[in-house]
Amino acid sequence: MLTTTLESYLDDRISELTSEVRQEMLKEIGNTDSYLRDRLIYGSFGKLIFSGQLTPQEIQVLLEVVIQEDYLCYGLGESGTDSVFTRSFSALVIAAIIEYDIEKKIVEQDLIQQTVHTVIHYMMEENDTRGFIEGKGWAHAIAHGADALDALAKHPFLKKEDISRVLHAIQHCLCKQVDYLDEEEERLAVIIASLLEHQNAERDIQAWIKKLTEMVETHLDENAGSIDAYHTKRTVKNFLKAVYIVMNSKEIGVESNKDIFQVLEKWMYLR
């Protein structure tokens, strides 16, 4: 029933979704059927949000729901279980709402702040780093969390003191003992460009890049021959390459990119 209804909605055969259907979408947001979860439920949430079919109050209520423990933080700390789908696709709905609100400015400032704190907490505590799961589709919890952080990085209600917390969450994700396979580093890199472009954060970013690269090099020196230390360096290097390309493409962050280029020259043995 839900599948048929959402197919009709996305194909414009029906123009609206009842509150009962929207509640069922929330209930099934982490369904392991990738077609229902990804294509239909997430697609329908996106259409509902960006088409303006939800009232400002309904937008706020939806955001309040998906940042709750039963959604973004459902089973947080677990790894290898299906709870990851609920967390990850809640993060995508959060990202969509925040992107919409950047222009519309209908969500109360206190709720934006609560969302910032909850998404950062989620990124710090998410242990399931799987990307694509055979038979169940995309989990991509780190990438989807990065999408939510990126939207928040562009929001005018992000506070100056939150910038360092966002950067710390990125660093934490980069330094997990995991080999990312599905372009998670690139999704994290976009956040840096957004902070620079929308929050005037170049000095914060320059200081953070210096601290991050020094930490990686110290870790390598103290753990000579460690494959884990090498993998952390490789992850950070891939991330810095992505940051460099994104900022160069947008023609922003000239000073930060000079710093990044010097690190990459050294780490790629070009000087």
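The report below takes up the basis of the model, then its pockets, then selected helices and residues.

## Basis of the model

This is a predicted model, in which local features need pLDDT of at least 70 and side-chain atom pairs count only at pLDDT 80 or more, while totals for chains, interfaces and linings use all residues. Residues are numbered from 1 along each chain as its sequence is written, and side-chain values use heavy atoms, with hydrogens and water left out.

## The largest pocket

A pocket here is an open set of points on a 1 Å grid over the protein atoms alone, where a 1.4 Å probe fits and protein lies on both sides within 12 Å along at least five of seven lines; its lining residues have an atom within 4 Å of a point. Grid points are joined across faces, edges and corners, and a volume is the space filled by probe spheres set on the points.

The largest pocket has a volume of about 200 Å³, and its lining consists of Ser-19, Arg-22, Gln-23, Leu-26, Phe-45, Leu-48, Leu-54, Glu-58, Val-61, Leu-62 and Val-65. Two or more of these residues come from each of helix 2 (19-27), helix 3 (34-50) and helix 4 (56-66), where helices are DSSP runs (H or I, at least four residues) numbered from the N terminus. By class, seven lining residues are nonpolar, two are polar and two are charged; Ala, Val, Leu, Ile, Met, Phe, Trp, Tyr, Cys and Pro count as nonpolar, Asp, Glu, Lys and Arg as charged, and the others, Gly among them, as polar.

## The second largest pocket

The second largest pocket holds about 170 Å³ of space, and among the residues that line it are Gln-206, Lys-210, Glu-214, Asp-259, Lys-266 and Arg-271. Helix 10 (202-222) and helix 12 (254-267) each give two or more residues to this lining, and the largest share, six residues, comes from helix 10. By class, this lining has two nonpolar, three polar and six charged residues.

## Helix 9 and Ser-194

The 16 residues of helix 9 (residues 184-199) should span 22 Å at 1.5 Å a residue, and the end C-alpha atoms are 23 Å apart, which agrees; the expected span is 1.5 Å times one less than the number of residues. The buried residues of helix 9, including Leu-188, Ile-192 and Leu-196, pack against helix 6 (109-125), helix 7 (141-154), helix 8 (160-174), helix 10, helix 11 (227-250) and helix 12. Just after helix 9, Asn-200 has a positive phi of about 50 degrees.

Ser-194 lies in helix 9 and counts as buried because its relative accessibility is 6%, buried being under 20% relative accessible area with a 1.4 Å probe and protein chains only. The side chains of Ser-194 and Asp-150 are joined by a polar contact of 2.4 Å, that is, a pair of N or O atoms within 3.5 Å of which, within protein, one must be able to donate a hydrogen and the other to accept it, residues adjacent in sequence counting only if both atoms are side-chain atoms. Apart from neighbours within four places in sequence, Ser-194 is in contact (heavy atoms within 4.5 Å) with Asp-150, Ala-153, Lys-154 and Gln-199.

The buried residues of helix 1 (residues 2-10) are Leu-2, Thr-5, Leu-6, Ser-8, Tyr-9 and Leu-10, and their cover includes helix 2 and helix 3. After helix 1 comes Asp-12, with a positive phi near 65 degrees.

Ala-95, in helix 5 (residues 83-104), counts as buried at 8% relative accessibility. Ala-95 touches Asp-147, Ala-148 and Ala-151, residues up to four places away in sequence not being counted.

Definitions and conventions: Buried < 20%, exposed > 50% of the residue type's maximum accessible area, 1.4 Å probe, protein only.
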